[in-house]
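Q: Let us read this structure feature by feature. Please give the general idea each time, then the case at hand.

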Amino acid sequence: VDGCARVGLSVGDGRMILADEVRTSESSDLALLVTDRAPVSLQLDLQRPLRVGEAAYHVGYPQGRAGEASSRLLERSSLVTRGRYTMEEQVLAWGETGRSKGLEGTLSGMSGGPGFDASGAVIGVTVAESPRRGRIYTASPESIRVFLDAHGVVAPGGEARPLAAASLPAEAERLRRERGVVQVICRGQGR
């Protein structure tokens with residue numbers, strides 16, 4: 001959403017809902033889009049300790065089209081950003097284990113999409129990838145909690161359905177259809 005004059009959410013059939021407000025973080029690559037529409041609530045689990053080797057399922061819009069990837073937790077890491085902004089953010093590094101049929105190349109565009117655990121609870125937000133290394137990076141649960149707290153947002157409880165590599169394509173499609181996961185659209189440059 002950085003640098004966008006207007007930010008919206010794609011709701012299908014070429015329709016878009018404009019965000020009334022965009023809230024960003026100074027210490028992490030997270031943004032909160034505020035609309036007057038009632039969101040679909042996803043179950044968040046930002047308290048449970050995550051274990052190396054644990055599975056995660058990432059849903060979003062890589063390359064601008066619907067897609068998903070599966071991964072295994074490798075480690076906690078620091079993601080250093082230089083350029084327009086300089087920050088060092090604590091992230092979780094995941095090793096990619098699979099992806100949507102036919103999806104090749106970069107996962108660019110997956111950023112902002114949720115990372116789910118096997119129970120179907122959101123445990124992270126995708127912030128970057130390293131295609132050469134086969135890595136997907138998510139904001140740490142701690143970063144997400146700090147961000148939500150700073151904006152006075154209480155994470156809603158919502159539905160969680162178990163996920164596995166075999167069920168991921170169907171569950172990802174359901175999440176998109178029910179608008180639990182939507183594509184963010186940037187219109188124009190400059191704020």
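A: We begin with a hairpin: S3 and S4 form one, with six residues between the two strands. Strands here are DSSP runs of E with at least two residues, helices are runs of H or I with at least four residues, and both are numbered from the N terminus. The model is predicted, so local features need pLDDT of at least 70 and side-chain atom pairs count only at pLDDT 80 or more, while totals for chains, interfaces and linings use all residues. Residues are numbered from 1 along each chain as its sequence is written, and side-chain values use heavy atoms, with hydrogens and water left out.

Q: How many bridges pair S3 with S4, and in which sense?

A: Two strands pair if DSSP finds at least two bridges between them. S3 and S4 pair over four bridges, in the antiparallel sense. Take Glu 21: its bridge partner in S4 is Val 34.

Q: Which polar contacts does the side chain of Ser 25 make?

A: A polar contact is a pair of N or O atoms within 3.5 Å; within protein, one must be able to donate a hydrogen and the other to accept it, and residues adjacent in sequence count only if both atoms are side-chain atoms. The side chain of Ser 25 meets the side chain of Ser 28 at 3.0 Å. A polar atom of the Ser 25 side chain also lies 3.1 Å from the backbone nitrogen of Ser 27.

Q: Now S5. How many of its residues are buried?

A: Strand S5 covers residues 55-60, and six of its six residues are buried. Both faces are covered. One side holds Ala 55, Tyr 57 and Val 59; the other holds Ala 56, His 58 and Gly 60.

Q: Which strands pair with S5?

A: S6 (residues 67-81) runs antiparallel to S5, joined by six bridges. Here Tyr 57 stands opposite Ser 70. The hairpin of S5 and S6 has six residues between the strands, and Gln 63 there takes a positive phi near 60°. S8 (residues 114-116) pairs with S5 over two bridges, again in the antiparallel sense. There His 58 stands opposite Gly 115.

Q: Where is Thr 97, and which residues does Thr 97 contact?

A: Thr 97 is in strand S7 (residues 87-99). Leaving aside neighbours within four places in sequence, its contacts are Ser 70, Ser 71 and Arg 72. Thr 97 and Ser 70 are 27 residues apart in sequence, yet 5.4 Å apart in space, C-alpha to C-alpha. The side chain of Thr 97 reaches the backbone nitrogen of Ser 71 at 3.4 Å.

Q: What covers the buried residues of H2?

A: An α-helix has 3.6 residues a turn, so residues three or four places apart point the same way. In H2 (residues 168-177) the buried residues are Leu 168, Glu 171, Ala 172, Arg 174, Leu 175 and Arg 176. Their cover includes S5, S6 and S8. Just after H2, Arg 179 takes a positive phi of about 65°.

Q: Which ring does the charged end of Arg 176 sit over?

A: A charge sits over a ring if NZ of Lys or CZ of Arg is within 6 Å of the ring centre and within 35 degrees of the ring normal. For Arg 176 the ring is that of Tyr 61, with the charged end 5.5 Å from its centre.

Q: Which cysteines form a disulfide?

A: A disulfide is a pair of cysteine sulfur atoms within 2.5 Å. A search of the whole structure finds one. Cys 4 and Cys 186 form the disulfide, with sulfur atoms 2.0 Å apart. The pair links distant parts of the chain, 182 residues apart: Cys 4 in S1 (residues 4-12) and Cys 186 in S11 (residues 184-189). The link is left-handed, with -125° about the S-S bond. Cys 4 is buried at a relative accessible area of 4%, whereas Cys 186 is partly exposed at 34%.

Notes:
Buried < 20%, exposed > 50% of the residue type's maximum accessible area, 1.4 Å probe, protein only. Contact = heavy atoms within 4.5 Å.
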